[in-house]
Amino acid sequence: ESGEGKAKAERMFSLMDGFLKNDPISLQKDILDHVEYTVARSRFSFDDFEAYQALSHSVRDRLIERWHDTHAYFKRKDPKRLYFLSLEFLMGRSLSNSAINLGIRDQYADALNQLGFEFEVLAEQEGDAAQGNGGLARFSACHMDSLATMDFPAWGYGLRYQYGLFRQVILDGFQHEQPDYWLNFGNPWETERIPVSYAVKFYGTVEEKDFNGGKCKVWVPGETVEAVAYDNPIPGYGTRNTINLRLWSAKPSDLYDMESYDTGDYINAVINRQKAETISSVLYPDDRSYQGKELRLKQQYFFVSASVQDIIRRFKDSHNDFNQFPEKVALQLNDTHPSLAIPEVMRVLVDEELLSWKQAWDIVCKIFSCTTHTVVPEGLEKIPVDLLGSVLPRHLQIIFDINLSFVEELKKHFGLDFNRLSRMSIVEEGAVKSIRMANLSIVCCHTVNGVSRVHLDILKTKVFKDFYELWPQKFHYKTNGVTQRRWLVVSNPGLCGLISKWLGTDAWIRDMDLLMGLRDHAVDAELQQEWKMVRRINKIRLAEFIEAMTGMKVSPDAMFDVQIKRIHEYKRQLLNILGIIYRYDCIKNMKESDRRKVVPRVCIIGGKAAPGYKMAKKIIKLCHAVGETINNDSDIGDLLKLVFIPDYNVSVAELVIPGSDISQHISTAGHEASGTGSMKFLMNGCLLLATADGATIEIIEEIGEDNMFLFGAKVHEVPKLREKAQNHGMPLQFARALKMVRDGYFDYEDYFKSLCDSIEGGGDFYLLGNDFASYLEAQQAAADKAFVDQERWTKMSILSTAGSGRFSSDRTVGEYAHQTWGIEPCRCPF
Ligand code: GPV
């Protein structure tokens with residue numbers, strides 16, 4: 001650095017007066033300054049929402065300091081960086097999480113107290129950032145937290161949707177979708193980076209130009225849209241490292257449509273420009289169903305192109321040889337949604353950086369890896385060739401070229417096995433010729449990761465069998481995890497305090513394996529007593545929430561039995577509801593003496609159905625109809641309640657999970673790739689009622705079968721049982737519960753007919769009938785009996801938490817870093 005530059009920097013630093021201080025007076029002054037100057041309210045009069053705004057700006061200032069230092073440090077050290085590309089991030093609220101990760105939550109709470117405010121109350125003011133659908137999107141969010149905490153030099157990239165996942169409103173028991181215009185109330189966590197913007201091209205033609213004695217391709221676009229960066233700081237816990245989640249927003253481009261200004265129709269030209277913004281306006285709310293929509297394709301490319309330009313610009317800032325690219329860059333694709341990054345990198349390297357095809361291909365093969373989250377081939381994305389050719393003409397050519405050499409390689413390896421060639425080809429011939437994005441990803445990624453052990457088995461033997469035979473070394477699994485910062489520290493402070501007290505340290509917040517130490521105290525009467533107390537307080541909080549949301553009073557003495565997740569036939573919420581109907585019917589027909597032995601139960605169900613998913617919507621209605629009958633039946637009283645929690649999201653989960661006694665993870669074996677909800681419940685000492693599917697199989701290994709309630713067919717039994725289900729009738733209890741629905745016991749029998757038909761008459765694809773008896777057994781014998789023995793129950797609960805260490809996303813991210821990305825921690829000094 002020049003002497004002049006250094007002098008200037010020193011002068012600026014002396015003016016800054018060092019970093020922001022965290023003593024109560026400084027924090028109070030800071031908050032009040034933000035009230036006055038940022039929120040523009042008088043410091044003598046502001047409400048909870050304004051206090052929340054000022055508070056979050058104050059937290060954000062501290063995040064920005066660390067963010068700057070982290071990035072300056074990364075720049076100086078120049079380690080290999082990971083870029084995590086995902087179309088969905090389900091971040092939820094940021095305030096508590098940020099304050100806790102910065103290590104200053106309690107200082108803020110004190111400072112606020114003296115101003116007459118309560119930290120928790122202000123935290124409740126924040127909206128839920130729902131830029132994603134479900135598990136896949138929460139996976140991205142948990143990974144960001146772990147990447148930051150473990151000091152990895154990583155960036156997240158995504159789209160900044162103006163409308164997040166729809167709000168679920170229930171009217172007369174039916175789901176209605178309302179737009180989630182979450183930015184209405186401002187978003188203090190993001191920073192718009194006006195200078196960081198890139199032009200993204202669409203449509204047009206590809207021309208050949210002479211270049212240096214050869215030919216090169218030039219894409220002449222028909223439309224150009226500007227991508228502007230919005231940065232969201234992600235603080236690690238117990239470290240200064242604060243990484244970045246960069247989300248792109250679409251703006252009209254200056255280059256846009258110059259000609260139309262000459263036509264004299266100025267007003268329409270401006271209105272048309274505005275349409276550019278629709279690209280990032282709304283999140284698609286259907287998880288795992290691909291519809292070949294043009295807007296969705298444009299979203300995917302928009303996000304990918306801006307991210308790739310940004311990554312290459314950063315690389316070129318300090319490097320001039322692309323051969324070093326793979327030593328400095330790893331690109332992780334979250335499912336196939338961002339897989340257009342592959343032809344995009346090829347295009348930039350070949351057409352713009354003028355590398356040879358072979359050079360570019362060698363680089364591409366070294367930098368990409370992906371995670372796949374599905375088990376069903378129907379869930380795989382396919383883009384019609386006509387659509388891709390029109391929106392991205394150059395990318396289609398590149399994909400065809402990649403496929404050409406791939407098919408040559410296949411012929412060498414397998415000979416002229418045409419069936420196999422046509423199954424494996426990136427291009428699907430057929431009524432609608434399309435591009436198989438999964439095949440493209442597998443061909444170009446050096447590693448394909450499944451999300452649990454059994455998931456990888458299914459990929460190897462079914463979904464990607466052909467590819468596994470060709471490249472067995474490419475296929476791996478990293479069992480999912482979730483971050484204990486959000487799912488314990490933020491959401492269950494009571495239990496956290498207890499864990500730290502009994503372990504004698506809070507180091508488990510960065511090292512979850514330490515939780516095993518709780519095993520030694522599982523039968524300690526004192527811990528058991530404290531454990532029960534904390535759990536009871538959480539149940540009371542949940543009961544209050546239920547009353548506020550639904551008007552229903554439930555007793556915290558009852559057993560809280562919870563199933564919260566997206567509504568899907570394979571997740572079998574219907575099995576749960578039919579079980580509840582059966583239980584209701586039993587109680588109704590009981591002698592008074594038997595009733596006294598019934599463990600009162602509150603069944604809680606929550607989740608959204610994709611707006612176009614008819615069966616899922618019927619399941620929501622059935623839940624309400626059954627609840628209506630049961631909850632108003634004076635014969636039943638408090639013995640059984642059924643509550644549907646509307647608008648399930650991350651913040652609701654944070655409240656419900658710590659207050660649950662048992663939770664249900666009851667997918668038909670072989671259908672849930674991993675499941676991550678189960679892990680959050682496990683950490684919080686909630687017992688699992690589950691099938692041996694996805695990650696549950698590995699949970700069993702950690703905590704033992706005795707500490708949970710297992711039931712149902714196993715993965716390998718399912719195909720045979722499916723054949724049998726065609727020929728055999730239903731078990732009696734099952735048929736009886738179903739008949740009540742059919743016969744209109746809960747009204748709406750016409751509406752529910754197709755739901756009943758989907759499981760009766762040999763079509764019981766998800767094997768509800770088959771698993772029903774063992775489901776009831778697990779529910780009654782195990783869960784009811786165990787609950788009565790509170791000592792045993794509490795022991796199981798403690799052992800659940802104690803055995804949850806493996807399911808921290810820190811473990812998962814560590815495995816990815818080491819085995820897939822080849823990155824090392826880069827810890828910014830304090
Ligand atoms: I594919 N998942 C999801 O949330 N949305 C999708 O579109 C697809 C998968 C989920 C899986 O269903 C879960 O089993 C898994 O735990 C989660 O992704 C994270 O891997």
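Student: Where is the place of Asn212?
Tutor: This is a predicted model, and in it Asn212 sits in the loop between β8 (205-211) and β9 (214-220).

Student: Is that residue, Asn212, buried or exposed?
Tutor: Exposed, because Asn212 has 7 other C-beta atoms within 10 Å. Its phi is a positive value, near 50 degrees, and the residue is not a glycine.

Student: OK, new topic: which residues are closest to the ligand?
Tutor: The closest are Gly135, Leu136, His373, Thr374 and Ser674, out of 19 residues that surround the ligand. By class, this shell has four nonpolar, eleven polar and four charged residues.

Student: And why does the ligand lie between domain 2 and domain 3?
Tutor: Because both domain 2 (83-92 + 128-391 + 437-479) and domain 3 (548-806) give residues to the shell around it.

Student: What are the bounds of domain 1, and how far apart are the C-alpha centres of domain 1 and domain 3?
Tutor: The domain assignment gives 19-77 + 94-125 for domain 1. The C-alpha centres of domain 1 and domain 3 are 42 Å apart.

Student: Let's do helices. How many residues of α7 are buried?
Tutor: In α7, 15 of its 15 residues are buried. The helix covers residues 135-149 and reaches 21 Å from its first C-alpha to its last, close to the 21 Å expected at 1.5 Å a residue. After α7 comes Asp151, with a positive phi near 65 degrees.

Student: What about α24, how does its span compare with what it should be?
Tutor: Helix α24 (residues 614-631) has 18 residues and should span 26 Å at 1.5 Å a residue; its end C-alpha atoms are 26 Å apart, which agrees. Of the 18 residues in α24, 13 are buried, so the helix is largely enclosed by the rest of the structure.

Student: Now the sheet. In what order do the nine strands come?
Tutor: The order is β7-β10-β11-β4-β1-β12-β13-β17-β18, in an open sheet with mixed pairing. The edges are β7 (191-202) and β18 (475-477); each has a single partner strand, so one side of each is left without a neighbour in the sheet. On average, neighbouring strands of this sheet are turned by 25 degrees against each other, direction ignored.

Student: How many bridges join β10 to β11?
Tutor: Eleven, between residues 223-235 of β10 and residues 242-252 of β11, and the two strands run antiparallel.

Student: Last one: where does Met730 lie?
Tutor: Met730 is in the loop between α28 (718-727) and α29 (732-742). Met730 counts as buried because it has 20 C-beta neighbours inside 10 Å.

Key: Residues are numbered from 1 along each chain as its sequence is written. This is a predicted model: local features need pLDDT of at least 70, side-chain atom pairs count only at pLDDT 80 or more; totals for chains, interfaces and linings use all residues. A residue is near a molecule or strand if its C-beta atom, placed from the backbone, lies within 6 Å of it. Ala, Val, Leu, Ile, Met, Phe, Trp, Tyr, Cys and Pro count as nonpolar, Asp, Glu, Lys and Arg as charged, and the others, Gly among them, as polar. Domain bounds come from an automatic or database domain assignment. Helices (H or I, at least four residues) and strands (E, at least two) are DSSP runs, numbered from the N terminus. The expected span of a helix is 1.5 Å times one less than its number of residues. A residue is buried if 20 or more other C-beta atoms lie within 10 Å of its own, exposed if 12 or fewer, and partly exposed in between; C-beta atoms are placed from the backbone. Two strands pair if DSSP finds at least two bridges between them. Axes are lines fitted to C-alpha atoms, for helices over the stretch in contact, and angles run from 0 to 180 degrees between N-to-C directions.
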